[in-house]
Amino acid sequence: MTAMLDRATTPTALESTPRLSLAPQGVRPGRLDGAWWPRSRDLLLELPSLAAELDRRWGRVTRITVNPAQWPVIPRRIPVTGHVVHAGWFTVEQDEHLIRVCSYTPRRLDLLVVPPETDPADAARLMTAAADPANVRTASALLAAPAQPDDDPAGEAARSGFLPSAAEPADGAGAAGERAEVARDRAAAWPGRV
């Protein structure tokens with residue numbers, strides 16, 4: 001397969017700055033070390049800026065692995081300023097929304113790959129969650145999780161014993177009736193309209 005690039009698809013200096021979020025240094029990261037939001041699904045176009053930024057912050061990038069479900073072409077070698085990054089892929093062993101980055105140091109970074117077409121607000125939420133040291137979700141689980149408004153009122157409602165009618169209770173149909181009864185009792189206790 002041959003990829004054709006023209007000036008319309010070649011990144012400008014501003015576009016070549018990687019959209020990257022890493023867990024704070026000195027803090028043991030959660031399940032993921034952060035997130036990367038590429039502008040396309042072209043590794044030859046996207047990876048050089050990511051590798052250059054990680055070289056500066058973390059150490060020289062030597063190898064990356066991805067899942068081919070998200071990348072149409074995976075070149076074996078990717079030229080980066082001053083060196084070459086070797087690329088590999090795993091279909092079963094690696095989450096399809098994860099890029100694994102290795103360096104000369106005996107460390108690796110597991111980064112959530114936010115799909116290029118993601119809405120900026122959703123991308124910001126995902127990048128923050130992936131870099132959070134308290135995160136215990138996989139890359140795919142983060143992407144599958146619905147966006148929650150600030151302060152997580154739906155989570156607070158679930159903890160208080162009340163779930164909105166659109167939510168499916170995790171503990172069976174019997175609990176749904178109990179929750180509905182709690183909701184009716186709370187509604188009856190509210191002051192009437194004036």
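Author: Start with arginine 100 and aspartate 110. In this predicted model, the two form a salt bridge, and their closest N and O atoms are 2.7 Å apart. The pair joins distant parts of the chain. Arginine 100 belongs to strand E6 (residues 98-103), aspartate 110 to strand E7 (residues 108-113), and 10 residues separate them. Aspartate 110 has a relative accessibility of 9%, under the 20% cut-off, so it counts as buried.

The search of the whole structure gives 5 salt bridges.

Glutamate 53 and arginine 56 are 3 residues apart in helix H2, so about one helical turn separates them. Glutamate 53 and arginine 57 are 4 residues apart in helix H2, again about one helical turn. An α-helix has 3.6 residues a turn, so residues three or four places apart point the same way. Side chains of opposite charge can then pair when their charged atoms come close.

Glutamate 53 is buried, at a relative accessible area of 15%. Arginine 56 is exposed, at 63%. Arginine 57 is partly exposed, at 37% relative accessibility.

Now the helix itself. H2 covers residues 43-57, which is 15 residues. At 1.5 Å a residue it should span 21 Å, and its end C-alpha atoms lie 20 Å apart, so the two agree. Its buried residues are Leu43, Glu46, Leu47, Ser49, Leu50, Ala51, Glu53 and Leu54. At the start of H2, a side-chain oxygen of aspartate 42 comes within 3.0 Å of the backbone nitrogen of leucine 44. After H2 comes glycine 59, with a positive phi near 130 degrees.

Last, confidence. The protein chain averages a pLDDT of 77, and 68% of the residues score at least 70. Strand E2 (residues 34-36) has the highest mean, 96. Helix H5 (residues 153-159) has the lowest, 39. Over residues 151-173 the pLDDT is below 50, and this stretch has 14 contacts beyond near neighbours in sequence. Residues 1-14 also stay under 50, with 7 contacts beyond four places in sequence.

Technical notes
Residues are numbered from 1 along each chain as its sequence is written. This is a predicted model: local features need pLDDT of at least 70, side-chain atom pairs count only at pLDDT 80 or more; totals for chains, interfaces and linings use all residues. Side-chain values use heavy atoms; hydrogens and water are left out. pLDDT is the predictor's confidence in each residue, from 0 to 100. Helices (H or I, at least four residues) and strands (E, at least two) are DSSP runs, numbered from the N terminus. Contact means heavy atoms within 4.5 Å. The expected span of a helix is 1.5 Å times one less than its number of residues. Buried means under 20% relative accessible area, exposed over 50%, partly exposed in between (1.4 Å probe, protein chains only). A polar contact is a pair of N or O atoms within 3.5 Å; within protein, one must be able to donate a hydrogen and the other to accept it, and residues adjacent in sequence count only if both atoms are side-chain atoms. A salt bridge is a side-chain nitrogen of Lys or Arg within 4 Å of a carboxyl oxygen of Asp or Glu.
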